[in-house]
Amino acid sequence: MSPADSGAASAEKARRKDKKQKRKKHKDVTEDDCGAMMDEEGTPHEKMKKQKQTIDGREGEKMKMLKPTVSIAVAGSIIDNAQSLELATLLAGQIARAATVFRIDEIVVFDSTPASEKGGAGDDEESGARFLVRILEYLETPQYLRRCLFPMHKNLKFVGLLPPLDAPHHVRKHEWSEFREGVTLEGDRSKGTLVDVGLSKNVLVEQILEPGERVTVAMGTNRDLTTERKVVPPCTPREEMGSYWGYKVRYASNLSGVFRNSPYKEGYDHIIGTSEHGQIINSSELILPSFRHLLIAFGGLAGLEESIEEDTYFKGKHANDVFTSYLNTCPNQGSRTIRTEEALLISLQYFQDPIRRVEQQL
């Protein structure tokens with residue numbers, strides 16, 4: 001090998017050695033950096049575990065915040081006893097007010113005589129239960145939505161005489177709320193759906209929805225009405241803020257339909273019947289088991305016993321077989337009868353402390 005070739009080979013060898021040392025040095029630095037990162041954040045497995053614990057903790061806190069629901073069942077036959085349309089409307093208004101004051105989540109109106117609907121009555125005639133459902137739904141709806149959601153009907157003639165529910169979701173035009181009830185409007189759907197939420201300007205939501213639907217809109221804290229909003233489930237204000245957001249109304253053709261057609265997947269886990277023939281327990285001594293969905297039933301003119309007898313599903317059963325608890329919430333009554341609208345106020349106040357004790361245990 002010539003001296004020139006030898007020198008070139010030596011230079012090439014030195015260059016490769018230097019390059020190899022640089023690669024090793026870079027690898028060591030990278031490993032040190034990763035090691036420092038691992039020390040700070042933990043291994044990927046530990047990081048995922050930590051994130052899972054955080055998510056589980058949030059879900060646990062959310063579940064803990066969720067209050068159990070309280071539903072009431074009312075016999076529609078109480079309307080049949082009213083002597084005029086005006087008195088029937090006033091009676092329905094009293095039930096709506098009682099349900100709102102005591103933060104009832106659902107009102108189920110059951111019809112003990114559904115066959116009367118199918119008889120020779122005219123198409124415009126409603127049973128007492130259907131009438132009660134209509135008035136209850138109308139009153140629960142915020143005033144600015146009623147014209148869109150309720151067409152004119154003769155049975156709404158006297159609703160203007162009723163006191164407003166003034167529930168938290170009945171937000172006034174000058175007030176701001178993180179959530180508002182609205183109705184979807186017709187128009188261009190290319191960018192979303194316009195919704196009337198009772199403000200000076202309609203808001204745009206990102207979802208594409210059919211017109212005429214009642215929706216709950218998350219308004220947030222940004223008061224710029226041109227900002228795009230989002231439709232959320234109706235239960236969201238209750239779950240996120242703990243706010244009472246009105247009651248749902250459901251019709252049942254008989255008493256058994258109240259239980260069998262529950263909107264809750266797991267059904268009602270505690271069912272209470274109220275009657276003068278029920279067990280007498282002081283409210284302070286009443287201990288309710290932990291529940292997610294409580295139902296309190298009120299009978300009609302002849303009480304729950306008659307509703308059970310007329311229901312073929314409950315054939316051969318007694319009140320104690322149908323209800324988890326059967327209670328007399330107003331013992332030693334001075335009148336022979338207690339009207340349902342009176343029983344509602346008495347009983348719902350009676351159950352306030354027992355329900356509160358259950359909520360405190362959650």
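Contact here means heavy atoms within 4.5 Å. The model on display is predicted: local features need pLDDT of at least 70, side-chain atom pairs count only at pLDDT 80 or more, and totals for chains, interfaces and linings use all residues. Residues are numbered from 1 along each chain as its sequence is written, and side-chain values use heavy atoms, with hydrogens and water left out.

**Stop 1: His-169**

Select His-169, which is in the loop between helix H6 (143-149) and strand E3 (179-184); helices (H or I, at least four residues) and strands (E, at least two) are DSSP runs numbered from the N terminus. His-169 has a relative accessible area of 1%, and therefore counts as buried (under 20% relative accessible area; exposed is over 50% and partly exposed lies in between, with a 1.4 Å probe and protein chains only). Display next its contacts beyond four places in sequence: Glu-140, Pro-142, Tyr-144, Glu-181, Arg-214, Trp-245 and Gly-246. The C-alpha atom of Gly-246 is 7.0 Å from that of His-169, although 77 residues separate the two along the chain.

**Stop 2: the nonpolar cores**

Select Ile-72, Leu-132, Leu-136 and Tyr-247, which touch the most other members of the largest nonpolar core, a set of 47 residues. Such a core consists of buried Ala, Val, Leu, Ile, Met, Phe, Trp, Tyr and Cys residues joined through side-chain atoms within 4.5 Å. Among the elements that each supply at least two residues of this core are strand E1 (69-75), helix H5 (128-140) and helix H12 (352-361). H5 provides the largest share, eight residues. Centre the view on Leu-136: residues up to four places away in sequence aside, Leu-136 touches Ala-92, Ile-95, Ala-96, Ile-107, Val-109, Tyr-247 and Val-249. A second, separate core has 19 residues, including Ala-252, Val-258, Ala-297 and Ala-319.

**Stop 3: aromatic pairs**

The whole structure contains eight aromatic pairs. Rings of Phe, Tyr and Trp (its six-membered ring) pair if their centres lie within 6.5 Å; planes under 30 degrees apart count as stacked, over 60 as edge-to-face and the rest as tilted. Select Tyr-264 and Tyr-268: the ring centres are 5.9 Å apart and the planes stand at 80°, so this pair is edge-to-face. Tyr-268 is buried, with a relative accessible area of 10%. Move to Phe-323 and Tyr-326, a stacked pair with 5.7 Å centre to centre and 15° between the planes. Both of these residues are buried.

**Stop 4: the pockets**

On a 1 Å grid over the protein atoms alone, a pocket is an open set of points where a 1.4 Å probe fits, with protein on both sides within 12 Å along at least five of seven lines; lining residues have an atom within 4 Å of a point. The largest pocket holds about 740 Å³ of space. Select Gly-300, Thr-337, Ile-338, Arg-339 and Thr-340, the closest to its centre of the 32 lining residues. Helix H4 (85-101), strand E9 (270-279), helix H9 (303-310) and helix H11 (340-350) each contribute at least two residues to this lining.

The second largest pocket has a volume of about 530 Å³. Among its 24 lining residues, Thr-69, Asp-105, Cys-235, Arg-238 and Tyr-264 lie nearest the centre. Strand E8 (248-252) and helix H7 (236-241) each supply at least two lining residues, and E8 gives the most, with three.

Note on methods: Points joined across faces, edges and corners; volume = space filled by probe spheres on them.
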